[in-house]
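Here's a quick walk through this protein, from its surface to its inside. Have the sequence and the 3D view open as you read.

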Amino acid sequence: MFPATWSRLSRMALSSRGRRTLSLFSSSAPSNWSKAVADAEKIVGYPTSFMSLRCLLSDELSNVAIQVKKLIGTQHPLLHTARGFVFDSGNHLPTRGLIVLLLSKAAGPSHTASDLLAQDMVSGIHTSQRNLAEITELIHTAFLVHRGIVDLKEWTISDGPLKDMEFGNKMAVLSGDFLLANACTGLAQLNNTKVVELISSAIGDVVQGIYNENTSNSEEHSLGGSVDVEAWEEHTFLSHGALLAKSCQAAMELAQHDTEAQSLAYTFGKHLSMGHRLNSDLQPFVKSSAGESVTFSFSAAPVVFHRQIVGQERWSQQLQQVKTRRNELDYSKLLAAVKSEKGVNTAMDLCCYHGNKALEAIQAFPSSEARSALENIASAITKF
């Protein structure tokens with residue numbers, strides 16, 4: 001049921017022209033974050049880049065990879081996504097699974113857990129928690145792949161042959177569905193009803209969040225519609241925060257921790273993921289220099305807050321002022337206009353708020369090497 005639902009809705013949640021040039025694998029991640037994640041990987045016992053190895057080496061996905069190779073030479077986003085998995089290891093893609101493992105280790109065994117469950121621990125982490133970390137990564141990867149589907153209604157000659165785009169879309173749906181099906185199979189094998197409910201609802205949240213984002217942040221809406229910051233925050237949590245928050249809570253449930261520990265884990269995952277999203281949104285605005293070619297999304301936090309601050313009339317005027325003779329937006333000039341107001345600072349303040357909230361939640365757990373690693377990761381998202 002889940003793969004079919006995900007596939008149907010993911011096809012509706014197509015990327016708009018205003019966001020198509022954005023990379024799914026940002027190369028602008030701050031060095032503080034990369035170092036914190038690299039150090040944390042040493043604590044859980046193995047590099048999380050191998051977390052999905054069993055799935056990635058399967059015959060089924062190998063067949064998919066052979067088909068994806070046919071996209072070489074085209075401009076379909078799925079090819080860039082596939083390259084990212086192989087060559088972009090410096091960006092530490094499996095971060096969500098890593099955080100689930102670290103949190104599991106930081107929480108330690110539950111005092112109410114049975115002796116049989118305690119014997120199942122390896123390096124302070126239960127086997128079921130390691131499986132959950134892998135499931136979380138598979139779901140997130142499926143989400144990335146499905147986000148690579150191209151809206152053929154906006155196809156132009158410059159995008160390349162239409163048949164290439166159509167074939168790429170089919171492969172994006174197929175490979176994304178395959179990953180999600182594997183995740184759902186692994187989820188059922190955990191034999192924990194509450195965990196199944198949590199992760200299933202997280203899948204629904206991600207799909208709903210993507211759909212809402214693309215509906216409310218279409219180019220037409222972004223250019224002329226009003227902005228709703230509360231709705232933006234809700235959509236951002238659904239699409240970027242719900243999976244990690246509920247996976248962290250599920251990890252506590254698998255170790256039979258009480259509701260207080262589960263609530264703290266959920267809070268940590270929620271604020272960490274929101275902070276990381278805000279930090280990523282801020283990168284073009286804090287790293288770019290004058291005259292540098294830059295592209296950013298109208299749904300990025302600094303833009304959303306800028307629009308709220310200046311009002312819709314002033315925003316429309318600014319868009320007209322930065323248009324070129326070809327009636328296209330000059331993103332460099334638009335970036336300068338956004339930086340001239342308080343939208344960037346507002347996004348920074350909110351990022352620091354979420355980072356501090358994540359720190360508060362994780363500091364409620366016993367002091368340990370794993371907790372320190374999570375504290376470093378939470379602190380890294382407040383560095384720009």
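## Surface and overall build

The protein chain exposes about 17,600 Å², and carbon and sulfur atoms supply 53% of that area. Keep in mind that this is a predicted model. Of the 384 residues in the protein chain, 54% count as buried.

As for secondary structure, the protein chain comes to 17 helices and 2 strands.

In soluble globular proteins, nonpolar side chains tend to be buried together. Here, the largest nonpolar core has 63 residues, and those with the most contacts inside it are L102, L132, F268 and L272. Helix α8 supplies the largest share of this core, 9 residues. Apart from it there's another core, made of 27 residues, including F296, V303, V322 and A347.

Leaving out residues up to four places away in sequence, F268 touches I99, A358, A361, I362, L374 and A378.

## A cavity inside

How many cavities of 30 Å³ or more does the count come to? The count comes to 1 cavity of that kind, and the volume of the largest cavity is about 80 Å³. If you want to find the largest cavity in the viewer, select its lining: R96, H140, F143, V206, S239, H240, G241, L243 and L244.

Two helices, α8 (127-146) and α12 (229-254), each supply at least two residues of that lining. The largest share, 5 residues, comes from α12. By class, the lining of the largest cavity has 4 nonpolar, 4 polar and 1 charged residues.

Y211 is found in helix α10, which covers residues 193-216. Is Y211 buried or partly exposed? Y211 counts as partly exposed, because its relative accessibility is 34%, which lies between the 20% limit for buried and the 50% limit for exposed. Y211 and H235 are 24 residues apart in sequence, and their C-alpha atoms are 8.9 Å apart in space.

Y331 lies in helix α15 (residues 331-339). Y331 has a relative accessible area of 19%, which is under 20%, so Y331 is buried. From Y331 to L319 it's 12 residues in sequence and 9.8 Å in space, C-alpha to C-alpha.

Most residues other than glycine have a negative phi. Two loop residues are worth a look here.

S123 has a phi near 55°, a positive value in a residue other than glycine. You'll find S123 in the loop between β1 (121-122) and β2 (125-126). With a relative accessible area of 44%, S123 is partly exposed.

Q256 has a phi near 65°, again positive in a residue other than glycine. Q256 is in the loop between α12 and α13 (259-287). Its relative accessibility is 38%, so Q256 counts as partly exposed.

Technical notes
Residues are numbered from 1 along each chain as its sequence is written. This is a predicted model: local features need pLDDT of at least 70, side-chain atom pairs count only at pLDDT 80 or more; totals for chains, interfaces and linings use all residues. Side-chain values use heavy atoms; hydrogens and water are left out. On a 1 Å grid over the protein atoms alone, a cavity is a set of points where a 1.4 Å probe fits but cannot get out, and a pocket is an open set with protein on both sides within 12 Å along at least five of seven lines; lining residues have an atom within 4 Å of a point. Grid points are joined across faces, edges and corners, and a volume is the space filled by probe spheres set on the points. Helices (H or I, at least four residues) and strands (E, at least two) are DSSP runs, numbered from the N terminus. Ala, Val, Leu, Ile, Met, Phe, Trp, Tyr, Cys and Pro count as nonpolar, Asp, Glu, Lys and Arg as charged, and the others, Gly among them, as polar. Buried means under 20% relative accessible area, exposed over 50%, partly exposed in between (1.4 Å probe, protein chains only). Accessible areas come from the Shrake-Rupley method with a 1.4 Å probe; for residues, only the protein chains shown count as cover. A nonpolar core is a set of buried Ala, Val, Leu, Ile, Met, Phe, Trp, Tyr and Cys residues joined through side-chain atoms within 4.5 Å. Contact means heavy atoms within 4.5 Å.
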